[in-house]
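Please find below a short note on the structure under review. It is arranged as numbered points for a reader new to the subject.

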Amino acid sequence: MTSNWTAIGIWALRILPALILLQTLFYKFSGADESIFIFSELGMEPWGRIGSGILELIAALLLLYPRTTFIGAGLGLGLMAGAIFFHLTELGISVLGDGGLLFIYALFVFISCTALLFIHRRELAGLLKPIFKKSS
């Protein structure tokens with residue numbers, strides 16, 4: 001019984017942030033006013049908007065595929081760290097009267113990806129081990 005709940009929890013940690021990442025792509029790729037405003041404020045319009053959208057698409061797809069979940073979680077964590085940083089330094093918590101919704105989404109994806117990296121720490125260690133292996 002516990003393993004079923006654990007599996008459901010891990011799938012939720014993968015699906016929910018992937019859905020958030022995929023849902024926001026519409027606004028980035030369609031050139032919605034809010035997205036253009038955000039990236040204009042940051043001095044990264046249009047390349048930042050389109051580039052981050054492409055990376056978020058990749059992260060979402062990697063999150064959903066079990067063998068690459070930890071890679072998607074790492075990418076998602078990095079992307080959301082950037083989003084949180086810009087909310088706290090340049091944009092503010094609430095953007096164009098959204099009540100902080102985009103900030104909350106970024107925090108949720110950040111926390112989910114952090115949890116997934118912790119859960120998949122062995123795969124991550126296996127990936128990083130050759131990089132940090134001492135040369136003899």
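This is a predicted model: local features need pLDDT of at least 70, side-chain atom pairs count only at pLDDT 80 or more; totals for chains, interfaces and linings use all residues.

1. Residues are numbered from 1 along each chain as its sequence is written, and side-chain values use heavy atoms, with hydrogens and water left out.

2. The chain contains six helices and zero strands (DSSP runs numbered from the N terminus, helices being H or I of at least four residues and strands E of at least two). Its C-alpha trace spans about 45 × 45 × 25 Å along the principal axes.

3. Helix H4 (residues 69-91) and helix H5 (residues 101-119) have axes that come within 8 Å and cross at roughly 145 degrees. Such axes are lines fitted to C-alpha atoms over the stretch in contact, and angles run from 0 to 180 degrees between N-to-C directions.

4. Where H4 meets H5, the residues include Phe 70, Leu 77 and Ile 84 from H4, and Phe 103, Phe 110 and Leu 117 from H5 (contact means heavy atoms within 4.5 Å). The residues of this contact divide into 17 nonpolar, five polar and no charged (Ala, Val, Leu, Ile, Met, Phe, Trp, Tyr, Cys and Pro count as nonpolar, Asp, Glu, Lys and Arg as charged, and the others, Gly among them, as polar).

5. Which helix gives the largest share of the nonpolar patch? Helix H1 (residues 2-30) does, with four residues, and Ile 15 lies in this helix. The surface patch covers about 500 Å² and is made by Trp 11, Ile 15, Leu 16, Leu 19, Leu 64 and Phe 108. Patch residues have over 30% relative accessible area and no salt bridge, and nonpolar side chains (Val, Leu, Ile, Met, Phe, Trp, Tyr) are joined within 5 Å. Accessible areas come from the Shrake-Rupley method with a 1.4 Å probe, only the protein chains shown counting as cover for residues; a salt bridge is a side-chain nitrogen of Lys or Arg within 4 Å of a carboxyl oxygen of Asp or Glu.

Note on methods. Patches are made of residues with over 30% relative accessible area and no salt bridge: like charges are joined within 9 Å, nonpolar side chains (Val, Leu, Ile, Met, Phe, Trp, Tyr) within 5 Å.
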